[in-house]
Amino acid sequence: MRKTLYEKLWDAHVVREVKGEPTILYIDLHLIHEVTTPQAFTGLANRKLPVRRTDLTIATMDHSVPSANRKKLPWPDVMAQKQVEMLAENCKKYGITLYDLDSKHQGIVHVIGPELGLTQPGKTIVCGDSHTSTHGAFGALAFGIGTSEVEHVLATQCLLQNKTKTMAVTINGELKPGVYSKDIILRIIHELGIAGGIGYTFEYRGSAIRALSMEARMTICNMSIEAGARAGIIAPDQTTIDYLEKRVKFKNDNEKKKTIAKWLSWNTDEGAKFDKEIIIDADTIEPMVTWGTNPGMSVGITKNIPDGGSEDIKKALEYMGLKGGQMMRGQKIDYVFLGSCTNSRIEDLRIEASIIKGKKIASGVTAFVVPGSYEVKHKAEEEGLHKIFLDAGCEWREPGCSMCIGMNGDLVPSGKYCASTSNRNFIGRQGRGARTLLMSPAMAAVAAILGAVGDSRNYA
Amino acid sequence: MKSSQFKDLTSALAPLMRDNVDTDQIIPARFLTATDKKGFGKRLFMDLRYEEDGKTPKPDFVLNQKKYKGAKILLAHENFGCGSSREHAPWAIIGAGFNAIIAISFADIFRNNSAKNGLLLVELPKKIIDMMHADVERNPKEKASINLEKQTCAWKGQAHIFAINPFVKKCLVEGLDDIGYTLSFANDIRAFEHRQ
């Protein structure tokens, strides 16, 4: 039988499958962080169980860690500090590798997994974070789980799962200059709606996807959850191998050859059936900006936002302080956030720096650049990107989730507009009353220098 | 170790007539630094419920209205619980005294998290949900009766059948502990690890 990549990944991890019961699925990599684990470790201790596979469990701290002055204790948020300390204690107690704030590998969990070469084709990867779908860019089946499921994986290295349906999300053709992978995924979410993917695993396909770098692919898979999908995957190809070769250690050439051949075998069979397919032509995609309070409420930069409509649209416009029917181009912004698990990798910083270079950010604008990891930060500093940002008037911060979720005190004040490379523009996401405009790194960099939403195509 | 069971219930409804209620609205991220499962109930819908001072109730919000006090069922709309994987969302909902949510649809991870905590999610067609919202607006005292065994939600004398995953139903009815369940197949897990 011809199978999709999802079905192959599923079948390869079945521990037990019986009709009428959920499948016991084996998990190859469990990433953990401070926010969604404390209660799971407490549960594990109450059951007097060990962590079944400490060798398949990797920890870091990212969500609530300050992006400045983090070595100075106590932190302004005492509870955040306690939570981070608890993770360190639990990792020590159970023997789990932890990349803490003193480690050169610390960073956002979805940035460091791939960087460390842990994210590989054919793996099942979970984490108590909805953006775990990021890792699907490597042809891994990766999805977010809750704290009870974190406990389940710690205890059993398995999860109880029901198969999803599959959706082929095909992007044909070629992106126009100045249009990026973030624009692709915002367009997809716009077309499907934020509930359009419920019950599905996406497989992103087509020439426009094939042409993307691994980092750009991660941006797309990262936001699969914003369309409601369980996971989003991209079949591995030479781009994947080129990325991994530098990061994975092989015993010898023979092992390397065999591993690469195995990695490349993770793909959808010719003629395999998907439950649904959507097709988008890449050359119809323009730079996208959100205007509303969920990631599906977006618009192409040359288009007008909705003028009235449903109660939801009216409420969103009211919260955002926007006028129905206006264009987003020219919309004033107050804050810029360059970061998050969606867009904080070295390529994102390079694109942003190339636009900002030699310029100043607009007066009155506060811009945070928060690299996704220390590896990204150090690389950027090696290339002198930090100087470009600092000279332009941006803040150059320490790695973490920062202003994407606003748990570490990095917040957008009420009523202010933030051009953000992150993934969610929910009400209050970046701070109570904060107004988030999601966009690509290039668009956010343009917004930083203009003090208003611009068009990244004019800077390509 | 038993997990939380769902007991059949008859209760008035607290209506939340909006689509895409995300987990940031259910429980804002600034409250996620807690390290136990308790205390989230008073933070449920924090920013919808209170003014910026965090104390002054917004009179329009459903949980601040006397007529809906004591409701154990939340009546939502489409795609409830979208967004992050935080299990703090069902902890907050249960902590505030709710045992079930009735809606048109729920987000994927929220659905899993709810099942693990004994919070029953009842999915009914839009037509029925819209009718229930209209009915509740007219008469806040109207009660729904949920029978999990029969998979029915009775409303104004009519029993609406809802679908539920059979294993989730079993867990909710019996309080079956799914870690214990998985560990009962430890031999299969070991065999799988050997094959790797």
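View 1. Helices (H or I, at least four residues) and strands (E, at least two) are DSSP runs numbered from the N terminus. Val168(B), Cys171(B) and Leu172(B) of helix 6 are buried. They lie on the same side of helix 6 of chain B because they cover an arc of only 95° around the axis, the arc being that of the directions from the helix axis to the C-beta atoms. This is a predicted model in which local features need pLDDT of at least 70 and side-chain atom pairs count only at pLDDT 80 or more, while totals for chains, interfaces and linings use all residues. Residues are numbered from 1 along each chain as its sequence is written, with chains lettered from A and ligands numbered from 1 in the order in which they are written.

**View 2. Surroundings of helix 6 of chain B.** The buried residues of helix 6 pack against helix 4, strand 4 (120–123) and helix 7 of chain B.

**View 3. The side of chain B that touches chain A.** Contacts (C-beta atoms, placed from the backbone, within 7 Å) join 44 residues of chain B to 52 residues of chain A. Among the elements of chain B that each supply at least two residues to this side are helix 6 (166–174) and helix 8 (186–195).

Definitions and conventions. Contact = placed C-beta atoms within 7 Å. Buried ≥ 20, exposed ≤ 12 C-beta atoms within 10 Å, placed from the backbone.
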